[in-house]
Amino acid sequence: MKKLITSALPYVNNLPHLGNIVGCVLSADVYTRFCKKRGQKAIHICGTDEYGTATEMTAIEQNLHPKEIVDKNSVIHKNIYDWFEIHFDHFGRTTDDDHVIFTQKIFKEIYRENYFEEKTSEQYFCLKCELFLADRYLLGTCPSCSSERARGDQCDDCGYLVKALELKLPKCSICKEEPVIRKTKHLYLRLDLLKPQIKKFIEEKSESWSDNAKAIANHWINLDLHSRSMTRDLKYRWGVGVPVEGFEDKVLYVWFDAPIGYLTFTKKCLKEEYDSFVDDCVWYQFMGKDNVPFHSIIFPGML
């Protein structure tokens with residue numbers, strides 16, 4: 001049996017912590033070694049998640065460009081994993097050109113199938129910082145659990161996938177000022193249209209998932225899924241460019257491009273053996289619980 005074993009890609013806006021190592025990297029390494037000891041064809045894939053608001057915010061705080069942050073921290077991440085003697089068959093970076101090209105290819109395929117819709121929506125805008133507050137740029141109180149640590153896209157305390165305008169007491173995470181509302185245009189993934197396929201995926205694949213993963217996935221699929229923005233306005237445009245006319249000033253949402261890294265890194269690892277391997281393998285994913293909604297709902301919907 002062929003096995004593709006992946007660890008959730010760590011952000012490189014800061015240094016690795018024990019949660020990165022114990023939660024998804026060390027456990028995947030142990031399982032890969034176990035499989036190989038039994039003579040099974042298994043590969044362990046990981047890499048650094050380098051785009052998005054988390055990196056931009058760190059760059060702003062340190063008065064650096066995001067590329068300077070990721071170039072430095074990606075090396076530190078890999079060195080720490082090497083110190084722990086964690087082995088990867090391939091360790092990639094989402095800023096690599098081949099990842100960007102493959103991500104845009106998948107985006108265009110979804111776009112051609114009419115699973116994206118263009119919407120002009122209201123979003124929070126910081127007058128002091130002069131930018132739209134996407135994802136981690138926005139902080140507030142979660143509308144689901146009342147945690148005061150919710151971000152503009154997710155509450156880590158309860159796992160709720162936040163719609164930014166739902167946040168109570170919103171504030172800019174940089175200057176802490178209260179934002180105003182302005183209109184901006186984005187492309188939304190039609191999760192509402194994709195719900196039957198996503199539900200079928202969960203029903204067919206979740207038997208071997210952890211109880212926690214199954215509970216989270218079933219909770220989300222039983223809700224009314226709505227279209228979700230997959231493009232962003234970012235200060236440095238630090239992300240994969242949107243390959244659609246009229247959206248040249250936008251970048252893709254980091255949770256669109258990051259999971260595709262599993263595929264681009266595997267492709268780079270296996271080269272000409274990639275197609276035959278992925279067509280006949282079982283995929284084992286190791287991640288923290290806060291990653292489950294993205295991996296069980298949005299990512300399968302994209303594929």
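Predicted model: local features only at pLDDT ≥ 70, side-chain atom pairs only at ≥ 80, totals over all residues.

Start with helix α1, which covers residues 18–37 and contains Val22. Is Val22 buried or exposed? Its relative accessibility is 51%, so Val22 counts as exposed, since the cut-off for that word is over 50%.

Rolling a probe the size of a water molecule over the atoms shows where empty space is left. The largest pocket holds about 1400 Å³ of space. It is lined by 39 residues, and Phe201, Lys205, Trp209, Trp283 and Gln285 are the closest to its centre. Several elements each supply at least two lining residues, among them α4 (97–112), α5 (191–205) and β13 (281–286). Which element gives the most to this lining? That's α9, with 7 residues. Sorted by class, the lining of the largest pocket has 24 nonpolar, 9 polar and 6 charged residues.

Next comes the second largest pocket, with a volume of about 680 Å³. Look for Val162, Lys163, Ala164, Ser227 and Arg228, which lie nearest its centre among the 34 lining residues. Two or more lining residues come from each of β4 (116–126), β9 (180–189), β10 (228–229), β11 (231–232) and α9. Here β4 provides the largest share, 5 residues. As for class, the lining of the second largest pocket splits into 16 nonpolar, 8 polar and 10 charged residues.

Methods: Residues numbered from 1 in each chain as written. Heavy atoms only, no water. Helix = DSSP H or I, 4+ residues; strand = E, 2+ residues; numbered from the N terminus. Buried < 20%, exposed > 50% of the residue type's maximum accessible area, 1.4 Å probe, protein only. 1 Å grid on protein atoms, 1.4 Å probe; cavity = no way out; pocket = protein on both sides within 12 Å on 5 of 7 lines; lining within 4 Å. Points joined across faces, edges and corners; volume = space filled by probe spheres on them. Nonpolar A, V, L, I, M, F, W, Y, C, P; charged D, E, K, R; others polar.
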